[in-house]
Amino acid sequence: NAEYMGRKEDSVHMSWVGPTFCFLCVVYLCALFANMHLFLLTFLKPLPIWLLAWYSMAPPNTSQRKLIAAGMLLSSAGDIFLELKPLHSKLFLAGLSSFLCAHVCYILSFRKDVSAIHLKSAVFVLALVLPVCYFLLPHVKEPLFIPVVCYMTVIGAMAYQALVRWVYSRHIPIFSENAFLSVLGAFTFVFSDTVIAVEKFVVPFKGAKFVIMISYYLAQYAIACGSERVRVKRS
């Protein structure tokens, strides 16, 4: 049997966080479209994520939400590294490492609610991730091959853990919605990073940056909104 526990205690209302987040995203995308100075883009890019980190650290200040906030802050570091990568090739690896650590934080956060194993979820995620790996990895050369494999493994594990969290909370209406937002965020993150990999390793295409950033911001917003507690203990 499973024991479900949950609560809804957000003191920071998303009625203003959401619009502010959208405004900051639009500001960055407009600056990107206008091809503004690299350092201005580097400043604007993490602002929406810093807002989500602050929201995630607001009461209820649970360890789960702290991990989400830590993941957001690590993601913002990755944003800065990737934006500055034209200055040095190693900054891409630094950004990749920052996002890998962010996904570890998300995994640990989701596991605080659900530590059970769900085989069907694992099969579903593998069915999505393995074809992407098969397509992309032949195009990835050293010294990035191993880091990219590690990253794809971790983001796949993050998507799996988000999916398991939702599967075991489906009969609790409020928390099922929150957990489903995390699933949407996780798989949108996978999509965004897949586009990054295609654009970097396979074939650059016009508008890739906008597809990447819009899906990335949507993913982080969904993960932040889905960070309510939905605890499940297997007996």
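Biologist: Which residues are linked in a network of salt bridges?

Modeller: Lys 45, Glu 83 and Lys 209 are linked that way. A salt bridge is a side-chain nitrogen of Lys or Arg within 4 Å of a carboxyl oxygen of Asp or Glu. This is a predicted model, where local features need pLDDT of at least 70, side-chain atom pairs count only at pLDDT 80 or more, and totals for chains, interfaces and linings use all residues. Residues are numbered from 1 along each chain as its sequence is written, and side-chain values use heavy atoms, with hydrogens and water left out.

Biologist: How many salt bridges does the structure hold?

Modeller: Two. In one, the side chains of Lys 45 and Glu 83 meet at 3.3 Å, N to O. That pair links distant parts of the chain, 38 residues apart: Lys 45 is in the loop between helix 2 (38-44) and helix 3 (47-57), and Glu 83 is in helix 4 (residues 63-83). Helices here are DSSP runs (H or I, at least four residues), numbered from the N terminus.

Biologist: And what does Lys 209 meet in a salt bridge?

Modeller: Glu 83 again, at 3.6 Å, N to O. This pair also links distant parts of the chain, with Lys 209 in helix 9 (residues 208-225), 126 residues from Glu 83.

Biologist: Is Lys 45 buried or exposed?

Modeller: Lys 45 is buried, with a relative accessible area of 3%, and Glu 83 is buried at 6%. Lys 209 is partly exposed at 28%. Buried means under 20% relative accessible area, exposed over 50%, and partly exposed in between (1.4 Å probe, protein chains only).

Biologist: New topic. What volume does the largest pocket have?

Modeller: About 670 Å³. A pocket, on a 1 Å grid over the protein atoms alone, is an open set of points where a 1.4 Å probe fits, with protein on both sides within 12 Å along at least five of seven lines; lining residues have an atom within 4 Å of a point. The volume is the space filled by probe spheres set on the points, which are joined across faces, edges and corners.

Biologist: Which helix gives the largest share of its lining?

Modeller: Helix 8, with ten residues. The lining has 35 residues, and Ser 192 and Asp 193 are among those nearest the centre.

Biologist: What about the second largest pocket, what volume does that have?

Modeller: About 190 Å³. Its lining has 13 residues, with Val 125 and Thr 153 among those nearest the centre. Helix 6 and helix 7 each supply at least two of the lining residues.
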